[in-house]
Amino acid sequence: PLLCLSSHNSSGGSTLLGYIGIDTIIEQMRKKTMKTGFDFNIMVVGHSGLGKSTLVNTLFKSHVSRKSAGWARDEKIPKTVEIKAVSHVIEEGGVKMKLTVVDTPGFGDQINNDNCWEPISKYINEQYEKFLKEEVNITRKKRIPDTRVHCCIYFISPTGHFLRQLDTEFMKRLSHSVNIIPVIAKADTMTLEERQEFKQRVRKELEVSGIEFYPQKEFDEDMEDKSDNDKIREAMPFAVVGSDKEYQVNGKRVLGRKTAWGIVEVENPNHCEFAQLRDFLIRSHLQDLKEVTHNIHYETYRAKRLNENGGLHPISSSDTQESNL
Amino acid sequence: MDAIMLQEKLVERLLCPRVRTARQKEKQYVGFATLPNQVHRKSVKKGFDFTLMVAGESGMGKSTLVNSLFLTDLYKDRKLLNAEERINQTVEIIKHTVDIEEKGVKLKLTIVDTPGFGDAVNNNECWKPITDYIDQQFEQYFRDESGLNRKNIQDNRVHCCLYFIPPFGHGLRPVDVEFMKALHEKVNIIPLIAKADCLTPNEIKKLKDRIREEIDKFGIKVYQFPECDSDEDEEFKQLDKELKECTPFAVIGSNTVVEARGQRVRGRLYPWGIVEVENQSHCDFVKLRNMLIRSHMHDLKDVTCDVHYENYRAQCIQEMTSKLAQDNRMESPIPILPLSTPDVDTEKLIKMKDEELKRMQEMLNKMQQQMHDKEQ
């Protein structure tokens, strides 16, 4: 950075005699992030047929999730919930993202769904454990591969009445270990009025059951955050429709679903709230999701682990942690 | 003048033979061709009854569809339970009865609702209350039928069960298969694809094919439409064929009236268009209604009486006779029911008749004796 004389004053600080160029650090960070790229892990949970894969494909505008065509003739519905993680590298504007979609086929599909959330809970904790083990190693990798689930989208069935028991059970148990974003799936089943009523009821039930979905109120950092997040919390759960087919509407090509009585436009805010979800998830809160996962959920797990059995390795512990943070 | 009189006579003679044959025909005409009319008039006076069961998870639009089918408002005062109230809910059986009259024909319609089905986390055997209910109705009818006062038997047997399959899946789920297999030999099952307005026409076709395949694969016996008589006209046969290929019906219901194409119709208003319930290119509601009410209502009742009830009855009798044989008692042709039927009065009657018979027998013997004596 060259020294050049200028008469600009920086507000609220000592007046600089020249331009140093500290602000270019942002640019440096940006360049570095672009070079290294970053990871994002998203989990989708909901019983089969709610359009999970289609929604993820629509969100990231690419085929990152293989749509299940249902169970093939001789295939059986898995007796326990399976966890299937598939990774893709997608690029936009010079920024590379390694996106991992974690699917959970079999959730809620059995007649007896007791404890079907356990394999999911186990998987999430296993990722924390993996990261923890890497962190406490003597020789650590420069960049620990992050497989922790940053965001779990929970698909609510659009019955129009209430949340189902399974929904509340799952969200209650997992909202403290992962960021849960509930969405109302296949929202084109309901008219706008029905949607509003359903949303109100669902939000009330979530409140009554004490389920803190992302963005959690307690993690709002400042007033600006709070007001932004309040607006989002008011509008959640978003009622979404997904599609990977394009149709011509008013001279434009849009993603939608074509029925005998009209075309449902996925990105039209008058039709459904997909655009809002996408903006929220990807354009404004992507980094925040990762930070909350790392700073809060992971730390909670770590604290728990360190407190039980008196800690992990004798070498590990506080020293290396503090210097890292 | 003579010519005119001649003409008149000729005309008379010409007309005469016709009059004679008419009178001859009158003698041959018996008049029982009016029998269908008589039956019709009697049944109209008596009225019909029909019991329809609806089953499926909550939120499938069952109540809305029932209201749309019968143009009623049965669920006006329904209060949806909140989460806490629903925690320990088991499957209930709730009956709504409504009397509908149209063009002088009275129908007593009973709707059997099954709230709570499939809503819990653990739904093992959630169909048991439903099968129990159906069996109970059969049992009650069986008792009444074997009893003495048969004039006013109330037929509460379930004639048809509409099963709502969610449109969100990829076919039948385990709970669907188990439910239908538990009930297919007790009641006429008509599977429906619920809330079909969230599917595109392609998706509907795929789902229907898938469901038909799976019904075959799992050996589920859903209600079969009877075959057309061979003497029906081609148009009817074509319609019948289309109906059969359309199953399971993809239906939509609505409690609201919207304005579409200049008319007021039952429908659903979306920002992207209006779904009309009675528009055949939108859903199969009209086909279902026609089939259920306008053409096959009677057949549904017949199959319930002739097949499902008879199966139950035969099974019941078999169980009873085997139980009797176990107890080492004589087998009786008439099943001895463990409970009910007023005994005291009928026993008295039987005794009276017995004594009368005895007396008559004695008198006969006396008369015979007398005759015998006289001869000698």
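This is a predicted model: local features need pLDDT of at least 70, side-chain atom pairs count only at pLDDT 80 or more; totals for chains, interfaces and linings use all residues.
Axes here are lines fitted to C-alpha atoms, for helices over the stretch in contact, with angles running from 0 to 180 degrees between N-to-C directions.

Let's start in chain A. The axes of H3(A) and helix H8 (residues 286–307) come within 10 Å and cross at roughly 80°. Angles of 65 to 115 degrees count as roughly perpendicular, so H3(A) and H8(A) are roughly perpendicular to each other. On the H3(A) side, the contact is made by A:Asn125, A:Tyr128, A:Glu129, A:Phe131, A:Leu132 and A:Glu135. H8(A) brings A:Thr293, A:His294, A:His297, A:Tyr298, A:Tyr301, A:Arg302 and A:Arg305. Sorted by class, the contact has five nonpolar, four polar and four charged residues.

A:Phe131 turns up again when you look at A:Asp146. Leaving aside neighbours within four places in sequence, A:Asp146 is in contact with A:Asp39, A:Asn41 and A:Phe131. A:Asp146 sits in the loop between helix H3 (118–135) and strand S6 (151–156) of chain A.

Now over to chain B, where B:Leu71 is another loop residue, placed between helix H3 (62–70) and helix H4 (83–86). Here is how the two loop residues come out:

| Residue | Relative accessible area | State |
|---|---|---|
| A:Asp146 | 13% | buried |
| B:Leu71 | 61% | exposed |

The cut-offs explain those labels: A:Asp146 is buried because its 13% is under 20%, while B:Leu71 is exposed because its 61% is over 50%.

Key
Residues are numbered from 1 along each chain as its sequence is written. Chains are lettered from A and ligands numbered from 1 in the order in which they are written. Side-chain values use heavy atoms; hydrogens and water are left out. Helices (H or I, at least four residues) and strands (E, at least two) are DSSP runs, numbered from the N terminus. Buried means under 20% relative accessible area, exposed over 50%, partly exposed in between (1.4 Å probe, protein chains only). Contact means heavy atoms within 4.5 Å. Angles under 35 degrees count as roughly parallel, over 145 as roughly antiparallel, 65 to 115 as roughly perpendicular and the rest as oblique. Ala, Val, Leu, Ile, Met, Phe, Trp, Tyr, Cys and Pro count as nonpolar, Asp, Glu, Lys and Arg as charged, and the others, Gly among them, as polar.
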